Amino acid sequence: MHEFLKSHLQSHPALLPQDAVKFCYQAAFGGGHLITDPTRAAQYLHTERASLTPDPSLPLTEPLDDNLVRLNLAAPDALSLSDAAILRVFAAGAAHVLAREDNRTRFEAMLYTLQMYAEQKETPFTADALEDYLTAYRAAGCPVVSHTEDYRTAYTPAYRVIETPYIRLLPIIDRIDALLSAHPDRSVTVAIDGHAASGKTTCAAQLAALYDCNVFHMDDYFLPFDRRTPERLAEPGGNVDYERFRAEVLNTILAGKPITYSAFDCGSGTFLPPVTVPPKPLTIVEGSYAHHPYFGDAYDLRVALDISQAEQQSRILARNGAQMLSMFVSRWIPMEHRYFETFDIFSNADLILT
């Protein structure tokens, strides 16, 4: 967090104490103070974006801390995003950050670091100027502040504060919002497939925090032990019970009916008690083999997650331990690769995220 502050001070030599304090405030409290009226926030965002001039020199994001960034609205990659997608992640991040219990402590720590940098002459302003500003600022109760006119003239700031994990998901969120708008009369279905440890379950959980949706896990549909014949396991993607998944879940979604399903527990080799969930505007299917061609055209959006071999093994080791890593490398990962290659999973995906 302190390194991000130092980098911002160095890259914005025209900022004044108020601008630096704003950075510290956003790193601690996010941007939730702007969302008192969602409708007004949407209108303000739309008006602001309509007035922007694209700036190819702008990065998509600038970090505030490990979990928060400023999403630059005039950056080329941001201009293609919908207002709905930007507002959705902005609002979600604001709610999460405001719910933290250590925001005040984080803010004071940031201000202390800012003062330290000023004393070391690593700020565009003097330590005395910062001290004078902070004395008045604290006397006023540490309010939310705007950028100074000097900062606005030099940098023309136009951004929203969002959580770092949502940067990767912005293309998915943008597509989902468009699909929900185009199909208000049925459930939109998104399938997230990809390499082991690429973040499929995490991605689905993050999306579930943004939408009213059902999430189904392919891990609940691994093939029961009594059906794991050599012939079936030799089939690419054959270790998943794709027949049962289509019958229980996908066909029922298409019919718009409540879904009753039973997860298979690989640990005990038994089926868990059945669960019934009502239809939702959005359905997310996540896990290896989610894009199996047996499912046909049941999905509105196919997302594939990629990962390097080194990062994959590092994550599996941290998550599952050395013994399970050996099992992944010798057995499960080769099975996945055969499935990916046989059915050209990545080439047939609508989105590929790394």
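Over the face of which residue does Arg 246 lie? In this predicted model, Arg 246 lies over the face of Tyr 294, at 4.0 Å from the ring centre.

A pair of aromatic rings is described by the distance of the centres and the angle of the planes. With centres required to lie within 6.5 Å, the model holds 19 aromatic pairs. One of them joins Tyr 221 and Phe 245, with 4.9 Å from centre to centre and 80° between the planes, an edge-to-face arrangement. This pair links distant parts of the chain: Tyr 221 sits in the loop between strand E5 (213-217) and helix H11 (230-233), while Phe 245 is in helix H12 (residues 242-255), 24 residues apart. Tyr 221 has a relative accessible area of 0%, so the residue counts as buried. Phe 245 is also at 0% and counts as buried.

A second pair can be set beside this one. The ring centres of Phe 328 and Trp 332 are 5.0 Å apart and the planes stand at 85°, so this pair is edge-to-face. Here the two residues belong to one helix, H14 (residues 322-343), and because they are four residues apart, about one helical turn separates them. Phe 328 is buried, at 12% relative accessibility, whereas Trp 332 is partly exposed, at 29%.

Helix H12, which holds Phe 245, can be checked for length. Its 14 residues should span 20 Å at 1.5 Å a residue, and the C-alpha atoms at its ends are 18 Å apart, which agrees. The buried residues of H12 include Tyr 242, Arg 244, Glu 248 and Val 249, as well as Leu 250, Thr 252 and Ile 253. After the helix comes Gly 256, with a positive phi near 70°.

Two further places complete the tour. Arg 160 lies over the face of Phe 90, at 5.9 Å from the ring centre. Leu 64 is in the loop between strand E1 (61-63) and strand E2 (68-72), and its relative accessibility of 0% means that it counts as buried. From C-alpha to C-alpha, Leu 64 and Cys 24 are 7.9 Å apart in space, and 40 residues apart in sequence.

Notes
Residues are numbered from 1 along each chain as its sequence is written. This is a predicted model: local features need pLDDT of at least 70, side-chain atom pairs count only at pLDDT 80 or more; totals for chains, interfaces and linings use all residues. Side-chain values use heavy atoms; hydrogens and water are left out. Rings of Phe, Tyr and Trp (its six-membered ring) pair if their centres lie within 6.5 Å; planes under 30 degrees apart count as stacked, over 60 as edge-to-face and the rest as tilted. Buried means under 20% relative accessible area, exposed over 50%, partly exposed in between (1.4 Å probe, protein chains only). A charge sits over a ring if NZ of Lys or CZ of Arg is within 6 Å of the ring centre and within 35 degrees of the ring normal. The expected span of a helix is 1.5 Å times one less than its number of residues.
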